[in-house]
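Please give a short report on this structure for someone who has not seen it before.

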Amino acid sequence: MTSDFSTPTDSVSNGGLVMPKNYLTEAIIVTVVTFLCCCNPISLVLGIIAIVKANAVTTDFARGDMNSAINNASTAKTLVIWAAVLAVVIYIILIIVSVALGAFGAYMDAIQQAIESNA
């Protein structure tokens, strides 16, 4: 069974040690998608903190501080998961509230009118 923290095929090796997965790509994707799609400030902040922690993994590994690199990798992974889950939950709540308030129907009517006027 492989660990999240030892993937020799896609990690940099330093003196026989394998750098933990830093989750930088995932942190950037969650942060950008959160900012563009739902402007959720909580997920945005969690994503930014995840980016900082993911960057610290590489820095700590380069210094030879493997324990800190593993801790930062774990924190980055947790923050990415929480940011993504929170963004999805808030987005679903926004959709439910929009439907409940009838805003979604007005939005669909506006789209239908725009389609009809272009046709």
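## How H2 passes H3

In this predicted model, H2 passes H3 in a left-handed crossing. A crossing is left-handed if the near helix is turned anticlockwise from the far one by less than a right angle, and right-handed if clockwise. The residues in the contact of H2 with H3 comprise 18 nonpolar, five polar and two charged. Here Ala, Val, Leu, Ile, Met, Phe, Trp, Tyr, Cys and Pro count as nonpolar, Asp, Glu, Lys and Arg as charged, and the others, Gly among them, as polar.

Two packed helices are described by the angle between their axes and the distance between the axes. H2 spans residues 41-63 and H3 spans residues 66-101. Their axes come within 8 Å and cross at roughly 160°. H2 is therefore roughly antiparallel to H3. Angles under 35 degrees count as roughly parallel, over 145 as roughly antiparallel, 65 to 115 as roughly perpendicular and the rest as oblique. Axes are lines fitted to C-alpha atoms, for helices over the stretch in contact, and angles run from 0 to 180 degrees between N-to-C directions.

## The chain as a whole

The chain has four helices and two strands. From the N terminus, the order is β-β-α-α-α-α. Helices (H or I, at least four residues) and strands (E, at least two) are DSSP runs, numbered from the N terminus.

Of the 119 residues in the chain, 24% are buried. Buried means under 20% relative accessible area, exposed over 50%, partly exposed in between (1.4 Å probe, protein chains only). The chain exposes about 7,800 Å², and carbon and sulfur atoms supply 69% of it. Accessible areas come from the Shrake-Rupley method with a 1.4 Å probe; for residues, only the protein chains shown count as cover. Among contacts in the chain with a separation of 6 or more, 62% come from residues 24 or more positions apart. Contact means heavy atoms within 4.5 Å.

## Thr34, Ser43 and Ala87

Thr34 sits in helix H1 (residues 24-38). Thr34 is buried, at 2% relative accessible area. Leaving aside neighbours within four places in sequence, Thr34 is in contact with Cys39, Asn40, Ser43, Leu44 and Ala87.

Ser43 belongs to H2 and is buried at 0% relative accessibility. Not counting residues up to four places away, Ser43 touches Thr34, Ala83, Leu86 and Ala87. Ala87 is in H3 and is buried, with a relative accessible area of 10%. Ala87 and Leu44 are 43 residues apart in sequence, with C-alpha atoms 8.7 Å apart.

## Asp60

Asp60 lies in H2. Its relative accessible area is 5%, so Asp60 is buried. Asp60 touches Asp65, Ser68, Ala69 and Asn72, not counting residues up to four places away in sequence. Asp60 and Met19 are 41 residues apart in sequence; their C-alpha atoms are 9.4 Å apart.

## Tyr23

Most residues other than glycine have a negative phi. Tyr23 is not a glycine, yet has a positive phi of about 60°. Tyr23 is in the loop between strand S2 (17-18) and H1. Tyr23 is buried, with a relative accessible area of 7%.

## Reading the model

Residues are numbered from 1 along each chain as its sequence is written, and side-chain values use heavy atoms, with hydrogens and water left out. In this predicted model, local features need pLDDT of at least 70, side-chain atom pairs count only at pLDDT 80 or more, and totals for chains, interfaces and linings use all residues.
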